[in-house]
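Please read them alongside the coordinates.

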Amino acid sequence: MGILKPERIGLDDFADQPVSICGKSFLAHKSGALYWPAERALIVADLHLEKGSAFAARGQMLPPYDTRETLMKLAAMIDHYNPETVIALGDSLHDPDGAARMDRSDVESLHMLQEDRDWIWITGNHDPKIDRMLAGYVMPEIVVEGISLRHEPRPGTVTHEIAGHFHPAARLVMRGTSLRRPCFVGNGLRLVMPAFGAYTGGLNILDLAFEPLFGLDGLAVWMLGHEGLYPVAPRLLRDD
Amino acid sequence: MLTTPKKAGRKRQPPAPKKPVLPPEIAAWFSRRGWQPRAHQLALLDAARQRQSTLLIAPTGAGKTLAGFLPSLVALGGEKRPRSGAGLFTLYISPLKALATDVERNLIEPIAEMGLKIRTETRTGDTSAARRQRQRVKPPQIMLTTPEQIALLLSHPDAPHLFADLDTVILDELHALAPSKRGDLLALDLARLRTLAPNMRTVGLSATVARPSELRGYLVPQTAPDSMTLLSELVTVEGGAKPEISILEVEDEIPWSGHTARYAMQEVYDAIRAHKLTLVFVNARLQAEVAFQELWRINDDNLPIGLHHGSLEAPQRRKVEAAMAAGKLRAVVATSTLDLGIDWGDVDLVIHLGAPKGASRFLQRIGRSNHRMDEPSRGLLVPGNRFEVLECRAAQQAAEEGAQDAILSRSGTLDVLAQHILGMACEAPFDPDLLFNEVRSALPYADLTRQQFDRAIEFVSTGGYALKSYERFAKLRREPNGKLRVSNPRVAQQYRLNVGTIVDSPMLKVRLVSARRAKSRTAIGGRVLGEVDEYFAEQLPPGATFVFAGEVLRFEGMRDTEVFVSRASSEDPMVPSYGGNKFPLSTHLAARVRAMLANPKDWPSLPPAVGQWLTLQSERSVLPATDEVLIETFPRSGRHFLVAYPFEGRLAHQTLGMLLTRRLDRAGLHPLGFVANDYALGLWTQGDLTAHIADGRLSLADLFDEDMLGDDLDAWLAESNLMKRTFRLAAVIAGLIERRHPGKVKSGRQVTMSTDLIYDVLRRHDPGHLLLEAAWADAATGLLDIRRLGDFLARIKNRIRHQSLSRVSPLSVPVLLEIGREAVAGHARDALLREAAEALAEEAMGTSENGHSEAGTHRT
């Protein structure tokens with residue numbers, strides 16, 4: 001049975017949703033990007049550029065358009081928010097050689113995005129080094145207004161942190177059907193961002209890996225939809 | 001089965017003046033058993049002497065297999081022949097491993113009794129690695145195997161030596177094998193075998209089919225310069241005794257919908273009790289579970305009743321098969337796993353629960369009983385609902401006339417071609433021009449263009465992308481002489497792990513745990529009961545009970561690739577809605593059902609409940625003529641319904657439903673949902689359909705116009721989950737995505753995710769890509785049945801019969817009852833998210849009592 005339109009209209013057109021971390025206000029976007037209006041900073045996690053060509057090098061010829069796709073998506077976000085600073089939270093490249101495999105035109109697109117704004121590459125486990133060709137500042141983490149931006153979340157119930165690394169996804173079962181989507185997951189004190197890259201899969205937030213990061217209470221989840229970003233009650237979520 | 005294992009005399013007869021038909025040892029064997037070689041067996045011998053490839057069409061029990069092997073036995077039993085290769089003389093290829101093993105057993109005995117010294121061996125996925133290795137160097141004279149093994153053997157550099165002496169290839173159950181991707185791959189492999197052994201000829205063994213020419217063309221190389229199809233010889237054995245088929249009549253009311261035929265279980269049980277061994281066929285695995293459970297519930301006599309379907313663990317299936325063969329069972333509930341060829345026992349009744357959906361499959365299943373030509377097979381049809389009564393009647397008529405469903409002619413798919421090209425490169429560097437000609441000699445690829453072929457090579461080598469190239473990672477390299485070779489040995493290893501066209505949907509193991517341990521994260525639990533489709537498992541809410549492997553189980557949770565279940569105390573499981581029937585209603589049976597509806601003179605012969613139902617329909621609405629489609633519109637509980645009766649099968653109806661709702665949305669009628677079964681399609685809207693049609697704002701002719709297969713289809717496919725699944729299958733077969741191997745990948749879910757991402761990216765950046773083309777071609781005949789939908793739309797042009805009614809019509813009841821039973825189709829996924837978010841909002845506002853509202857049934 002196909003349901004085509006929601007019969008109750010309530011939460012339409014929420015392309016982004018307000019998110020608060022330790023009192024600071026952010027906007028989480030349905031694309032998986034996070035915008036910090038007070039700092040005019042756009043934050044994205046886990047771009048995994050050149051994942052396609054990394055597979056091709058091992059004999060699996062995945063479509064070589066993932067870098068282009070990811071950069072186009074990023075360009076749209078930059079267009080939308082016009083940030084002064086862009087911060088990539090690590091694993092921006094799928095592997096340390098990724099930059100060398102990038103298409104010239106993709107490198108040029110990246111440089112165009114970097115014009116007139118600061119660009120910060122946080123390093124991650126996939127990209128401990130960033131090729132200088134990709135410009136920008138490279139650092140293991142950065143603290144802005146008391147909020148730490150890093151790749152891998154610190155274990156334990158840490159606060160004042162925005163991180164990536166885990167590619168959080170949530171699974172919803174309703175009306176006999178199931179839906180699995182990347183998501184933001186947080187508790188008001190820290191936030192784990194979804195992966196932004198075109199070929200990135202997701203890890204269910206009910207997985208053991210997330211257990212040490214958040215206490216039992218106050219978990220907040222925003223699932224990425226095609227038309228909007230949707231805050232979803234954790235009790236509706238399911239294991240894989 | 002053979003009773004006179006006496007050693008045959010080795011005494012030679014004096015040479016006869018004319019060549020005797022059979023050599024003395026074999027002739028003696030026949031006469032010792034009191035048999036005469038049958039006419040078709042002699043005809044095949046004759047064809048072999050003239051080196052003709054032949055299709056043998058014969059009913060079960062006609063001695064088909066022996067006919068196929070006899071020429072090889074004659075040749076191998078005769079004088080020693082000069083060898084130029086490894087000595088492999090005959091290949092027997094069957095779609096099932098078990099069938100290959102079974103046939104070998106039935107072949108070894110006569111060979112021994114004839115006193116012939118012929119080495120036969122099977123080679124399947126179950127054969128040990130050491131033995132398979134040895135078989136490549138020192139093969140038997142007769143090898144019994146499956147299509148995948150041929151592809152594997154052909155990918156090794158020693159293939160030319162291995163197959164140099166090949167004389168005969170026997171293709172069993174060709175009617176089941178040829179019209180599939182597996183058949184495409186086998187056709188390409190046959191073409192290759194002909195190159196390696198130019199003298200080789202083929203013998204196809206088939207059940208009766210509507211159009212033998214498709215199979216005859218499959219058996220011979222297509223080398224005619226024009227588009228003419230060359231055909232093999234044909235030997236047909238007329239059917240034996242006519243099957244005796246009845247339709248179960250019961251006192252109870254026949255249900256309006258459903259397929260399980262639960263209402264008739266007592267009668268089914270009584271029939272089992274009255275026979276020696278009964279096969280109970282159903283159309284889907286979970287129907288088998290339900291039937292098995294229901295039969296045991298009323299099994300007061302404790303009859304040994306078994307269960308057999310593809311989700312059960314192999315050892316469990318083997319046990320049931322052995323028990324059948326040993327005569328220890330009285331009934332087996334089975335799915336298509338028991339459709340083909342194997343004799344597991346002396347079946348004297350076949351019961352079909354639910355309508356058989358196709359005339360040919362039905363005949364094949366009925367043929368499982370009384371496996372001898374001169375005795376009639378006995379079948380009992382048990383319709384699951386009122387429409388199925390009509391369908392069962394149609395199947396009964398078709399069986400009496402011996403009418404078959406037509407096999408759709410097909411073009412070989414490009415994903416299979418890509419796999420084959422890589423396999424050829426793994427064997428040895430190939431010349432593209434020669435390979436192109438070879439490929440085109442296979443019937444499914446006879447119309448392949450050079451451009452398509454070159455694109456397939458490009459795909460194999462670098463992925464074949466339009467805008468960017470992986471040249472430096474290419475899998476194929478051009479040698480100075482123009483031949484293409486694999487760039488490194490790892491490519492061949494990868495190929496061999498991924499060979500074949502059978503891609504199962506991700507399956508999860510079902511593991512039994514104690515209810516208490518299931519709660520802890522470390523539960524590893526007890527034995528594995530079998531496997532379920534991931535798409536089924538992920539729908540289960542924790543605590544749901546369902547029937548599997550003959551037990552009522554409670555769903556505890558999923559971990560990685562396993563589903564944890566515990567034994568449920570409940571006697572009354574929640575029966576899962578499991579994708580309905582696997583097979584859609586065949587075109588042929590559909591035409592018969594339409595004719596029956598249009599002819600009130602037939603109705604008195606139907607069960608009274610059904611006759612009354614149709615009469616009532618003709619009073620309240622109409623019944624369409626055979627060449628019309630009936631469309632009814634009526635209001636009901638504040639909504640407006642449209643029900644159409646195309647009779648084109650569930651898959652085509654679902655596609656039609658998707659496309660119609662898009663159009664109605666554009667027309668401002670606010671469609672809310674739809675539901676489809678094999679016969680009809682119902683959809684409902686906020687807008688008043690009847691009024692819009694009456695004043696001309698909505699034209700049904702426009703709504704059902706063929707042009708919906710253009711842009712609307714395209715736009716919908718972009719989002720369709722079925723299309724993504726189709727794409728995944730093509731991507732695995734073509735080698736873009738690796739198959740999952742045990743221990744290699746964590747969970748199927750992740751694989752599904754990533755192919756979906758690849759599909760999205762490819763569609764956006766390279767919409768003309770070969771794999772998208774292949775997936776589209778599959779969708780046309782596969783899960784979306786677009787071809788059939790197209791035929792339907794063309795057929796009903798100017799033949800729409802509209803009835804506007806004041807209330808629901810009798811004929812529409814079955815399809816409308818499916819509302820709420822089927823899962824939400826893939827389209828409006830954001831609507832679900834929105835609803836989940838609303839539930840959260842309501843919770844926050846303190847207004848929510850529950851977050852789940854029933855689909856399609858709450859107020860507008």
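1. Which residue of E6(B) is the bridge partner of Leu56(B)? Leu205(B) is that partner. Keep in mind throughout that this is a predicted model.

2. Helix H4 (residues 97-113) of chain B comes next. Its 17 residues reach 25 Å from first C-alpha to last, close to the 24 Å expected at 1.5 Å a residue. The buried residues of H4(B) are Lys97(B), Ala100(B), Asp102(B), Val103(B), Leu107(B) and Glu113(B). They pack against helix H1 (24-32), helix H3 (64-77), strand E2 (90-93), E3 and strand E4 (142-145) of chain B. Just after the helix, Gly115(B) takes a positive phi of about 70°.

3. Is helix H9 (residues 181-196) of chain B enclosed or open? Enclosed, largely: 14 of the 16 residues of H9(B) are buried, so the rest of the structure surrounds most of it. At 1.5 Å a residue the 16 residues should span 22 Å, and the end C-alpha atoms are 23 Å apart, which agrees.

4. Helix H22 (residues 587-598) of chain B passes the check as well: twelve residues should span 16 Å at 1.5 Å a residue, and the end C-alpha atoms are 17 Å apart. Buried in H22(B) are Leu589(B), Ala590(B), Arg592(B), Val593(B), Arg594(B), Met596(B) and Leu597(B). Their cover includes helix H14 (359-366), helix H15 (386-401) and helix H23 (608-620) of chain B.

5. There is also an open sheet of five strands. The order is E23-E24-E22-E21-E25 (chain B), and the pairing is mixed. Strand E23 (671-676) and E25 of chain B stand at the edges with a single partner strand each, so one side of each has no neighbour in the sheet. The twist averages 15° from one strand to the next.

6. Look at strand E21 (residues 629-636) of chain B within this sheet. Six of its eight residues are buried, leaving the strand mostly covered. Five bridges join E21(B) in parallel to strand E25 (residues 800-804) of chain B. There, Thr633(B) has Ser804(B) as its bridge partner.

7. E21(B) also pairs with strand E22 (residues 639-644) of chain B, antiparallel, over six bridges.

8. His640(B) has Thr685(B) as its bridge partner in E24(B). Helix H24 (residues 650-666) of chain B lies across E23 and E24 of chain B, and runs at about 170° to E23(B).

Technical notes: Residues are numbered from 1 along each chain as its sequence is written. Chains are lettered from A and ligands numbered from 1 in the order in which they are written. This is a predicted model: local features need pLDDT of at least 70, side-chain atom pairs count only at pLDDT 80 or more; totals for chains, interfaces and linings use all residues. A residue is buried if 20 or more other C-beta atoms lie within 10 Å of its own, exposed if 12 or fewer, and partly exposed in between; C-beta atoms are placed from the backbone. Helices (H or I, at least four residues) and strands (E, at least two) are DSSP runs, numbered from the N terminus. Two strands pair if DSSP finds at least two bridges between them. The expected span of a helix is 1.5 Å times one less than its number of residues. Two residues are in contact if their C-beta atoms, placed from the backbone, lie within 7 Å. Axes are lines fitted to C-alpha atoms, for helices over the stretch in contact, and angles run from 0 to 180 degrees between N-to-C directions.
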